[in-house]
Every structure is written in structure tokens, then in C-alpha cells.
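The following is a short walk through a predicted model. Please keep the sequence and the coordinates at hand while reading.

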Amino acid sequence: MIRQLTASLEFHGQSLLLRAERQRLIASNIANADTPGYKARDFNFADALRTATGSAGPGEGIAAGVMSPGGRLRPDLRHALASQVHLDSNTVDMDRERASFADNAVKYESTLRFINGSVRTVLDAMKSPGQP
């Protein structure tokens with residue numbers, strides 16, 4: 001019973017960790033927008049989440065290959081496709097990075113809200129009928 005209650009939370013917890021890592025990566029791209037020769041990096045969130053959870057289903061454990069020794073997620077990073085390469089060989093597209101940053105922030109917040117709602121539902125289910 002406890003495993004069923006925590007399975008969804010484990011899945012969303014991994015999602016939050018990956019969203020935070022992606023936000024850090026996008027922020028790094030933005031910070032290096034003027035660095036000559038810098039190659040923008042990103043990762044496929046869906047593939048990383050599938051790998052982090054060990055399968056396509058929620059709550060089946062973290063794949064050991066995705067975690068670094070320090071406990072940080074390290075998804076398969078790839079160079080972002082450059083829409084336009086600058087004269088200094090920098091591939092950061094600020095419009096794409098800003099849009100990705102905002103999109104990821106909204107998805108991070110929605111995952112937090114979903115977790116909060118799930119926890120409240122479980123807490124409400126555990127209350128006795130007469131409790132407020």
C-alpha cells in the first residue's frame with residue numbers, strides 16, 4: 001500500500017530533479033551567450049526521465065547510470081542545434097534559451113503543484129470523517 005502511495009511521488013520527484021538540472025543548464029547557456037566558441041547544451045527531457053525512472057512507468061526506481069557519485073542527475077547532454085552560428089562560433093540562441101527557460105520554469109512549477117495536490121489528497125484521505 002505504501003509503495004503505491006509513494007510511486008507517483010517518486011516519479012514526480014525525479015521529474016523535479018531533471019527540471020532543476022535543465023534549468024541550471026539553460027542558465028549556463030544564457031550566461032555564456034557572449035563567450036567565444038561556447039557550444040549551447042541541452043538534453044531530451046523525456047528520454048532523461050525515462051532513464052532516471054528505469055522504465056516508462058512511474059515509481060520503478062532510479063537507474064544507477066543517471067546519478068553521479070555526488071547524487072546529482074547527469075542526463076545525456078548534447079549540443080543544442082544552432083539556428084545560427086555567430087562569427088565567434090558561439091551557438092547560443094538567446095531567443096530559444098529564453099523561451100526554454102520560461103517553459104521549463106512553468107513545467108517545474110506545475111509539477112510542484114501536482115505533488116502538493118497529491119500530498120493534500122493523501123492527507124485528506126487519512127483524516128477521520130469528523131475532522132476539519
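A patch, as the word is used here, is made of residues with over 30% relative accessible area and no salt bridge, and nonpolar side chains are joined into one within 5 Å. In this predicted model, L9, V119, L123 and M126 make a nonpolar surface patch of about 350 Å². Helix α3 contributes the largest share of that patch, 3 residues.

V119 is placed in helix α3. Why can V119 belong to a surface patch? Its relative accessible area is 34%, which makes V119 partly exposed, and the patch requires over 30%.

The helix itself, α3, covers residues 94-126, 33 residues in total. From its first C-alpha to its last, α3 reaches 48 Å, close to the 48 Å expected at 1.5 Å a residue. Its buried residues are E97, S100, N104, T111 and I115. In general, an α-helix has 3.6 residues a turn, so residues three or four places apart point the same way.

Which residues form the largest nonpolar core? The 8 residues are F11, L18, L25, F43, F45, A48, L49 and A52. Helices α1 (2-31) and α2 (45-53) each supply at least two residues of this core, and α2 gives the most, with 4 residues. Another core, of 5 residues, lies apart from it; A33, Y38, A80 and V92 are among them.

Within the largest core, A48 is one of the residues listed. Leaving aside residues up to four places away in sequence, A48 touches L18, F43 and P75.

Technical notes:
Residues numbered from 1 in each chain as written. Predicted model: local features only at pLDDT ≥ 70, side-chain atom pairs only at ≥ 80, totals over all residues. Heavy atoms only, no water. Expected span 1.5 Å × (residues − 1). Buried < 20%, exposed > 50% of the residue type's maximum accessible area, 1.4 Å probe, protein only. Core = buried A, V, L, I, M, F, W, Y, C linked by side-chain atoms within 4.5 Å. Contact = heavy atoms within 4.5 Å. Patch = residues over 30% accessible without salt bridge, like charges linked within 9 Å, V, L, I, M, F, W, Y side chains within 5 Å. Areas by Shrake-Rupley, 256 points an atom, 1.4 Å probe, with all protein chains shown as cover. Salt bridge = Lys/Arg side-chain N within 4 Å of Asp/Glu carboxyl O.
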